[in-house]
Amino acid sequence: MTAAGALSQAFYILVFPGFLFLAVFSMVMEYVDRKLHAKLQNRVGPPWFQPFADFIKLAAKEEIVPRDADATIFKYMPVVALTSTVTALFYIPVWSTSAPCRFEGDMIVTLYFLTIPTVTFFLAGWYSRSVFSMLGAARAILQMFAYEIPLFLSILAPALLANTWSMSSLTEYYRAHPLHILFNLPGFAIALVALLGKLERVPFDIPEAETEIVAGSFTEYSGRFLALFRLTVNVEAIVGATLLAAVFMPFGLGHGPAIGFAGYLVKVLLIVVLLAIARTVLARLRIDQMINFCWQIAAPIAFLQVLVNLVVKEILM
Amino acid sequence: MADSCGVKIPIGPQHPALKEPESFLLTLNGETITDAGVRLGYNHRGIEKACEGRSYIQDIYLLERVCGICSHSHSTCFIQAVEEIAGLEIPKRGLYIRTLVAELERIHSHLLWLGVAGHEVGFDTLLMYTWRDREVVMDLLAALTGNRVNYAMNTVGGVRRDFTADQLQDVLKATDILEDRTKHYIGVATEEITFVQRLTGVGKLSHDDAIRLGAVGPTARASKVERDVRRDDPYAAYAELEFNVATSDTCDVYGRAVVRLVELMETYKMIRQLVRNMPDGPVAVKAPRKIPAGEALSRYEAPRGEDIHYVRANGTDKPERVKVRAPTLANVQVVSHMLKDGNLADMPIVIAAIDPCFSCTDRKISLRTAGSATAQPVTWEDLRLRGIAWHRARGIDCTRVNRRIAEGGRA
């Protein structure tokens with residue numbers, strides 16, 4: 001690899017569309033989410049720099065590791081969570097039909113990387129050794145088993161139709177057959193709901209239900225570590241939205257980076273707005289209600305989506 | 001989740017679900033609560049004792065501060081007992097104004113509760129909207145009485161302010177707005193699916209248990225216990241008003257929400273009657289400074305349930321004994337019953353459903369050493385000696401100062 005190649009690779013990973021871009025973009029989107037949420041609730045809402053101010057303030061604060069906690073896991077989990085979330089983006093096409101990295105099967109890897117943060121929330125909470133953290137941790141992992149299946153199935157279905165396991169090939173297929181997107185609409189709805197569960201937002205903010213278990217896994221977290229976890233959740237929202245945009249809304253790609261990027265911003269904004277509306281108009285469910293919903297309603301619809309796509313594929317091919 | 005089997009988790013004294021310091025010790029099996037213990041007493045302020053050292057007029061303002069939300073309830077309840085001992089005949093207009101403020105207070109208390117209930121189940125949008133609309137009645141109360149809470153309307157023998165015809169028109173206007181909004185909230189509370197799911201079947205309290213444990217107010221009425229002091233033992237102007245007692249037979253938190261919302265609709269009806277039939281005349285009679293010896297018990301239907309004040313007078317200008325039984329004290333035993341076999345996630349809403357007001361509740365009647373089962377009544381002298389010993393153990397000794405004051409007094 002040449003020096004220039006290495007530099008451009010480093011730029012890719014660290015600046016654009018890597019870590020720095022994601023961090024800034026996710027905070028801007030956090031602002032959009034919070035402001036919209038506030039406006040819908042008849043409140044004023046925060047100023048534009050609030051997410052940045054929150055991050056800087058938290059990062060400057062003292063961090064306290066509980067005496068009973070496993071210090072190593074407690075300290076490293078936020079970093080692992082953030083790293084895996086940022087890495088997931090490299091396999092998702094953003095403004096063209098080709099992702100920065102691609103291979104046949106990168107879809108599985110992306111979903112795997114997106115699962116890691118939830119596992120780190122569990123470990124972080126469990127090894128904090130406080131009752132509220134441990135309850136939050138148990139709820140996080142329980143909730144993961146509920147939303148993960150519908151999410152995977154609903155993303156699997158479009159891939160079956162496109163006959164590929166690569167995100168980049170998937171978008172290429174749908175660019176060639178734009179109308180086939182319409183088959184995936186029920187899957188899109190399920191994926192949105194599952195994303196709410198993954199991001200632990202109302203109505204699925206059960207693992208960090210403030211009035212019940214304080215802050216769940218994050219109860220004992222403070223300072224830099226908490227700042228990193230919060231950033232992880234923000235970045236996870238963006239990566240999740242990017243994934244959904246790539247799989248379910250692959251239009252406007254292939255007309256050059258400028259149009260592609262503008263289209264990308266609009267798509268992510270749309271998903272962020274949908275998520276903000278959902279958390280405004282709904283109340284928090286109980287964990288048993290959440291699991292029942294995911295297994296009795298969301299998973300069957302996602303299964304149906306897979307069946308439909310299999311049938312459609314047979315007819316079209 | 002075998003690992004969390006038999007886990008004890010402390011809810012309080014400081015916890016996000018509780019707006020006041022109170023302690024609930026829950027034993028969990030997974031997410032199910034197998035045992036719940038309630039401990040009161042973090043907010044004891046010695047109000048009853050303080051009343052004995054102040055005149056009746058001063059006590060009105062002190063007792064108004066028993067509760068920040070049902071402040072008018074406590075001062076009215078106290079004043080009714082005092083007026084009964086003194087044998088005062090309160091002018092009709094005074095009683096009507098007292099009742100009007102009481103019902104306006106009920107509106108702001110119930111709207112506040114609805115918002116809190118929304119917050120406890122993670123439905124903050126409901127909180128934001130109900131509290132916005134609650135401002136209508138808060139502003140109205142401020143315009144009528146001068147204060148948003150602690151209205152200071154009562155005095156022995158009547159009320160302290162008269163309302164003009166314009167002010168009464170404002171009341172009607174505000175009532176129209178509030179009625180409109182309440183209808184909207186009835187829709188939200190009974191139709192919004194996640195909200196209904198979180199309230200239905202939660203915090204079950206059967207009709208028999210409600211009676212056995214002595215539940216009061218909306219908590220009891222949601223278990224089909226048709227009790228309302230306003231109808232059963234009318235005070236102020238309630239005997240002349242037409243209204244229904246709202247009840248529900250669902251015996252759960254959902255029923256308690258419905259009862260409160262229906263009660264709001266009844267309140268609007270009552271306010272219109274009060275304004276329409278408001279008699280002319282004085283609002284207060286002159287009351288003696290010294291109240292003749294005697295005792296009286298007064299009942300009052302506060303927004304949270306039946307409030308009871310007992311007053312014993314000894315012929316001076318200060319009461320000999322004042323006893324306050326806030327509605328939360330009657331309902332708090334019910335909470336631990338309702339929490340048992342419930343879900344941890346339902347804990348906040350079950351506690352909130354009685355509309356608890358813990359600082360109103362805390363009274364001390366006996367002391368016990370931690371861990372011992374026997375309790376003994378405490379005298380004032382016991383408490384004094386205990387206090388001196390406590391401070392002495394921490395290096396604060398006032399013996400010399402006291403002696404010097406005593407000597408100075410002698411010289």
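1. Start in chain A, with helix α2 (residues 19-40) and helix α11 (residues 257-281). In this predicted model, their axes come within 9 Å and cross at roughly 40°. That angle makes α2(A) oblique to α11(A), and the crossing is right-handed. On the α2(A) side you'll find A:M29, A:V32, A:D33, A:L36, A:H37 and A:L40. They meet A:V268, A:L269, A:V272, A:V273, A:A276, A:I277, A:R279 and A:T280 of α11(A). By class, this contact has ten nonpolar, two polar and two charged residues.

2. Over to chain B and how it meets chain A. The contact takes 26 residues from chain B and 24 residues from chain A. On the chain B side, β1 (5-11), α4 (92-120), α5, α7 (193-199) and α13 (347-353) each supply at least two residues. Which element gives the largest share of that side? It's α5(B), with five residues. Sorted by class, the side of chain B that touches chain A has 14 nonpolar, seven polar and five charged residues.

3. Helix α5 (residues 124-145) and helix α6 (residues 165-191) of chain B pack at an angle of about 165°, with their axes 10 Å apart. Since an angle over 145 degrees counts as roughly antiparallel, α5(B) gets that label relative to α6(B). The crossing here is left-handed.

4. Who touches whom in that pair? From α5(B) come B:L126, B:T130, B:D133, B:V136, B:V137, B:L140, B:A143 and B:L144. Their counterparts in α6(B) are B:Q167, B:D170, B:V171, B:A174, B:I177, B:L178, B:R181, B:Y185 and B:V188. The residues of this contact divide into twelve nonpolar, two polar and three charged.

5. B:Y56, B:D59, B:I60, B:L63 and B:E64 of α2(B) make the contact with B:S71, B:H74, B:S75, B:F78, B:I79 and B:V82 of α3(B). The class count is six nonpolar, three polar and two charged residues.

6. Next, the sheet in chain B. An open sheet of three strands runs in the order β6-β7-β8, with antiparallel pairing. Which strands stand at the edges? β6 (294-302) and β8 (319-325) do, each with a single partner strand, so one side of each is left without a neighbour in the sheet. From one strand to the next, the twist averages 15°.

7. Within that sheet, six bridges join β7 (residues 305-313) of chain B to β8(B), and the two strands run antiparallel. Helix α3 (residues 71-86) of chain B touches β6, β7 and β8, and its direction makes about 150° with that of β6(B). Helix α12 (residues 327-339) of chain B also touches β6, β7 and β8, with its direction at about 130° to that of β7(B).

8. Now the hairpins. β7(B) and β8(B) form one with five residues between the strands, and B:G315 takes a positive phi near 90° there. β2(B) and β3(B) form another, with two residues between them. In its turn, B:G30 has a positive phi of about 65°. Seven bridges join β2 (residues 23-29) to β3 (residues 32-39) of chain B, in antiparallel fashion. B:L26 stands opposite B:A36 of β3(B).

9. Last, the domains. The assignment divides chain B into domain 1 (47-349) and domain 2 (366-410). How far apart are their centres, taken over C-alpha atoms? The separation is 39 Å.

Terms used:
Residues numbered from 1 in each chain as written. Chains lettered and ligands numbered in written order. Predicted model: local features only at pLDDT ≥ 70, side-chain atom pairs only at ≥ 80, totals over all residues. Axes fitted to C-alpha atoms, helices over the stretch in contact; angles between N-to-C directions. Helix = DSSP H or I, 4+ residues; strand = E, 2+ residues; numbered from the N terminus. Parallel < 35°, antiparallel > 145°, perpendicular 65-115°, else oblique. Left-handed = near helix turned anticlockwise from the far one by under 90°. Contact = placed C-beta atoms within 7 Å. Nonpolar A, V, L, I, M, F, W, Y, C, P; charged D, E, K, R; others polar. Domains from an automatic or database assignment. Pairing = 2+ DSSP bridges.
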